[in-house]
Amino acid sequence: MTATAPPGPPDELVVEGGAPLRGTVVVPGDKGIAHRAMLVGALAGGPVRIDGLPGGHDVAATVRLLRACGVPVAEDPGGVRIEGPASWREPADVLDCGNSGTTIRMAVGVLAGREGRFAVLTGDESLRRRPMGRVVRPLRAMGARIDGRAEGERAPLAVRGAVLRGATHHLEVASGQVKTAVLLAGLGADGVTEVVEPAPSRDHTERLLGALGAPLERPTATRVRLRAAAIPGFALRVPGDPSSAAYWAVAATLVPGSRLELPRVSVNPGRLGWVQVLVDMGAAVEVTPIGEELGEPVGVLSVEAARLHGIDVEVTEPIIDEVPVLAVAAAFAEGTTTFRGAADLAVKESDRIATTTALLAALGVEAEPRPDGLVVHGGRPRPGRLEAAGDHRLALAGVVAGLALAGRTVVAGWSAHAVSYPGFTAALAAVRAAGGGDAR
Ligand code: S3P
């Protein structure tokens, strides 16, 4: 006799688009700032309080990892507390980073300097395919003892904590994750740690450490220097995630009659490259700065519907996560949009050159993959069945396309969205109701 499980609900989201989106969306806290604040908080010498921590599997992976290493991360309404200084211990089991490249790459930098402690880090199938050599090699140059599959190129990674010494690193690729791993290792290393990048990457770590008084210098946009330092306790309210704001900005741009306000978002200039791309395409997006949070500028974004035209986009590291949703914008634009300079797209949570091209093809839009990006021939997208391919950014870009199309679009593999934005459908129901449509 064979037992068959009763079929569960399909893992898909059905979107009936075309209705205007109106009102206010409070986007979740910035994922990148949240990971950094927790790792820096786990090294702090005093109490730490982090509010506005985003939900989502990625940030939960960092919380789990820290707890397994003995760091007392306590839930607090709306955030977490760490009663520092934390006493780190050797984790008793393998550390599962799930789908989170940020967790594994940054945590390796912290664990590399925990002398004598052994740790093994791994993740899901997607994470185990992603390149790790870019972070392992610079850490080894500081004296770190790290091994892994393919000579340390792939997880699982095994780390035996060691005494580290500062070094100058010329990174192979601009990467906020690698730069952060090296700087966090440098916080406890002898001498000066210097990172030189081929192009600027997101700078949340430098801003946070600088605001906390660490001896950090940034002589140019691609060079940062740090000495060992003790980090004091701190309180941070994580500003909203510009990458999550981008979905709403593109949706409000594409659906006629829409107008959305996104309060309290990080308006770090390094993270707003996607706003410039949309504005260059003809979008109406306004950024109003309102203050600062531990070195991180905060502001309000407002967006209303506009017609777009194609442009050439030189993709930099700080906007690489927005390419799938910008490609959806390009699908609805008049003319051709070219994304170039982004070969790293192929080694994100999915091969985003291939998966974004396939998503556009499922909308009936002609798109050509290129080794360093894609070319999108904008035109007349039509509803279709879109595959998230296990990638949260594809799932969320897919629903944005669906919102802009009259008719029924299906996003298959919708559950992937919970990696970064579990509250998306609740926020959507609210802005559709405010727009006068139903809340489907
Ligand atoms: C991130 C850097 C980027 C980005 C990722 C978050 C960060 O990755 O794609 O989602 O928080 O520093 P790389 O460092 O691999 O470019």
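The legends below describe close-up views of a predicted model. Residues are numbered from 1 along each chain as its sequence is written, and side-chain values use heavy atoms, with hydrogens and water left out. Because the model is predicted, local features need pLDDT of at least 70 and side-chain atom pairs count only at pLDDT 80 or more, while totals for chains, interfaces and linings use all residues.

**View 1. The largest nonpolar core and its most connected members.** A nonpolar core is a set of buried Ala, Val, Leu, Ile, Met, Phe, Trp, Tyr and Cys residues joined through side-chain atoms within 4.5 Å, where buried means under 20% relative accessible area with a 1.4 Å probe, protein chains only. The largest such core holds 75 residues, and W248, W274, L278, F339 and L360 touch the most other members. A second, separate core has 67 residues, including L39, C97, L111 and I146.

**View 2. The surroundings of F339.** When residues up to four places away in sequence are not counted, F339 is in contact (heavy atoms within 4.5 Å) with V313, V315, V323, L326, A327, A330, D372, G373, L374 and V376.

**View 3. An open sheet of 4 strands.** Strands are DSSP runs of E with at least two residues, numbered from the N terminus, and two strands pair if DSSP finds at least two bridges between them. The order is β6-β7-β9-β8 with mixed pairing, and the edge strands β6 (95-96) and β8 (145-148) each pair on one side only. Strands β6 and β7 (residues 118-122) run parallel, joined by 2 bridges, and L95 has L121 in β7 as its bridge partner.

Definitions and conventions. Buried < 20%, exposed > 50% of the residue type's maximum accessible area, 1.4 Å probe, protein only.
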